[in-house]
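Morning, everyone. Please look at the structure on the screen, and I'll walk you through it.

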Amino acid sequence: MKKETIFSKDPQSNSLTVVRAFDAPLDSVWQAWTDSEILDKWWAPKPYRAETKTMDFREGGLWFYSMVGPKGDRLWCRVDYKTIEPNKSITNTNMLCNEKGNKSPNFPIMNWRNEFNQSSGGTTVRIEITFEKEADMDIVIKMGFQEGFTAGLSNLDHYLSMNSEPARS
Amino acid sequence: MRRDVFQAIADPTRRAILSLVALQAMTPNAIAEHFNSSRQAVSKHIKVLTECKLVNQELTGRKIYYQYNPQKMKEVDTWIEQLRAIWENRFNQLDGVLKNLKNKKS
């Protein structure tokens, strides 16, 4: 049975919230979010697949991975873990970077807070993604619009390289 | 400066203006009467809304009326839908992974 994904956007706090229940015990869900071998199996939306380069799951540690497209195109991403409460919550920052792990200059940093809760017969995950400023959310949104978000991932590298100057119009 | 729907609706005053003109087309003065802020401040907000086409201007006689453009608001929904599709895809994959984990354990 498919579970509903609850999705909401709060323009006032520059944040997005995603809530989803999973039909699995808390420790399994936690493992799926924190073990890179498992993350690689589901983290990238189709037709992409995630490929972990390094994973150091601890406070101050880093998950460095890429999303590989059907044509072999690669989108590098890094997740910096800030706080970890086992089986409870993770806060981190998410950003796009190059193959060396250096942040892409034009892509905003996203602050994530993931909460894991045991719920009746399963586990609920709540993700809050906060942008540092309104303009950052704007960039991500613009990208979504202009490229069509799913297809757009493959164009993201191109987009970023084309937009090395701040957008002006 | 770039203007778009999201920037426009991020502001509470602008959201209030939108809900006013959604009910009926209004002149800038009539809009300003609903707010404590200065007329200039209100007209700045109206300018932002016009620039991103959330409201349209209409000249009736010698008066300018502002009216709501619902088409533009659909951009917001479209974007939310696109993001939702990505997350659903991702989570459906996770459902599969979790099922396998369970089978391994039992």
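Start with helix α1 of chain A, residues 26-34, where S28(A), V29(A) and A32(A) are buried. Buried means 20 or more other C-beta atoms within 10 Å of a residue's own; exposed means 12 or fewer, partly exposed in between, with C-beta atoms placed from the backbone. Down the axis of α1(A), the buried residues fall within an arc of 95 degrees, so they line one face of the helix. That arc is taken from the directions from the helix axis to the C-beta atoms.

A word on the source. This is a predicted model: local features need pLDDT of at least 70, side-chain atom pairs count only at pLDDT 80 or more, and totals for chains, interfaces and linings use all residues. Residues are numbered from 1 along each chain as its sequence is written, while chains are lettered from A and ligands numbered from 1 in the order in which they are written.

Now the sheet. In chain A, eight strands form an open, antiparallel sheet, ordered β1-β2-β8-β7-β6-β5-β4-β3. Pairing takes at least two DSSP bridges between two strands. Helices (H or I, at least four residues) and strands (E, at least two) are DSSP runs, numbered from the N terminus. At the edges sit β1 (5-10) and β3 (49-55) of chain A, each pairing on one side only.

Strands β4 (62-68) and β5 (74-85) of chain A run antiparallel, joined by seven bridges. There, L62(A) stands opposite D80(A) in β5(A).

Finally, chain B. It has five helices and two strands, in the pattern α-α-α-α-β-β-α. Of its 106 residues, 24% count as buried.
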